Amino acid sequence: MSAEGGHHGPIDPLFNPVIPGTEYHLPIYNFVITSWVIILILTITAILATKNMKRFPKGIQNVWEYAVEGLFGFYGGIMGEERARKYGPFLTTCFLYILLCNYSGLIPGAAMIKGFVPPTNNISITAGMSIMVFLSIFYFGIRAKGIGFFKHFFQPMAFLFILNVIEELVRPVSLSLRLYGNIYGEEMIIGKLAEMVPFLVPLPMMVLGVLTGGIQAFVFTLLASTYIAGATEEHH
Amino acid sequence: MTDDNGYQGYKGLGLIMSAGFTMAASVLFGYFAGSWLDKYFGTKPWLTLIMFILGTAAGLKSLYNLAFPKNEGD
């Protein structure tokens, strides 16, 4: 912990290399590295789990099968079995990545490391994720329905066009701010408590943090899946 | 699809938890988009006012859509 505003003050980039051939810097912050580590963990465990799959899963394959089956079942309840298989991989990746990001702040001692924050504690990461969701709504929607996808902007009545556009644009804003705000608030409280009394006192907040991290990952994915379900819906 | 009901409960819970923030985000989005447009076009305060109202209306509409999803029927 440092005197200049604890670990929640403005942080300097860990590395700040110059992009070759230009005068611009490419700052690499701590949370970016945390995020890379999480991506690596997800990728490596996924490869290990699927490398030689057994009929009766054991160990790591079991964990992954449990997670993927549970999540696909959940998406199936929202958008139907068939579409869940189609869009499930994207949504599952979102969920697992956000979950691990949120929980990375709860690693014992993490709050003591200067500059260590969960990646979802940064608006750039959450904004990036919600822009991905925003673009995927259009991509999946146009792929499923062609140009007819844009018809929903004029439904139920044509004069609601402007409201529909605003509603569409608010989605990434609310997605990113909801995730960022919840994790930021939780991390802030844990950080301040750990600064005052490092032992035992932050524990109840950390328990709440486990809850918040799970719920926010769930809510983000749930909203993304309802948006995608709405965009790819066939009208019978 | 036997345990659909359990999932439906969680879905409802998650959507309800997200509703409040969606409303707030819509209003704020309307306000900030309006004030940015006002600065851009130099039409203070009219676009802020209009976008604020439109943002609020869009928030209400998304709450309506949440309560009466249109995927059934049609």
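How many residues does helix α2 of chain B have, and what distance does the helix reach from its first C-alpha to its last? Select residues 46-67 of chain B in this predicted model. Helix α2(B) contains 22 residues, and the distance from its first C-alpha to its last is 32 Å, close to the 32 Å expected at 1.5 Å a residue.

Next, display chain A as a whole. Six helices and zero strands are found in chain A, and the order along the sequence is α-α-α-α-α-α. The C-alpha trace of chain A spans about 60 × 50 × 45 Å along its principal axes. Of the 236 residues in chain A, 34% are buried. Among the contacts in chain A with a separation of 6 or more, 66% join residues 24 or more positions apart.

Finally, turn to the contact between the two chains. Chain A contributes 20 residues to the contact and chain B contributes 22 residues. On chain A, select α2 (59-79), α5 (161-196) and α6 (203-231), each of which supplies at least two residues of the side that touches chain B. Helix α5(A) gives the most to that side, with 10 residues. Colouring by class shows 13 nonpolar, four polar and three charged residues on the side of chain A that touches chain B.

Notes
Residues are numbered from 1 along each chain as its sequence is written. Chains are lettered from A and ligands numbered from 1 in the order in which they are written. This is a predicted model: local features need pLDDT of at least 70, side-chain atom pairs count only at pLDDT 80 or more; totals for chains, interfaces and linings use all residues. Helices (H or I, at least four residues) and strands (E, at least two) are DSSP runs, numbered from the N terminus. The expected span of a helix is 1.5 Å times one less than its number of residues. Two residues are in contact if their C-beta atoms, placed from the backbone, lie within 7 Å. Ala, Val, Leu, Ile, Met, Phe, Trp, Tyr, Cys and Pro count as nonpolar, Asp, Glu, Lys and Arg as charged, and the others, Gly among them, as polar. A residue is buried if 20 or more other C-beta atoms lie within 10 Å of its own, exposed if 12 or fewer, and partly exposed in between; C-beta atoms are placed from the backbone.
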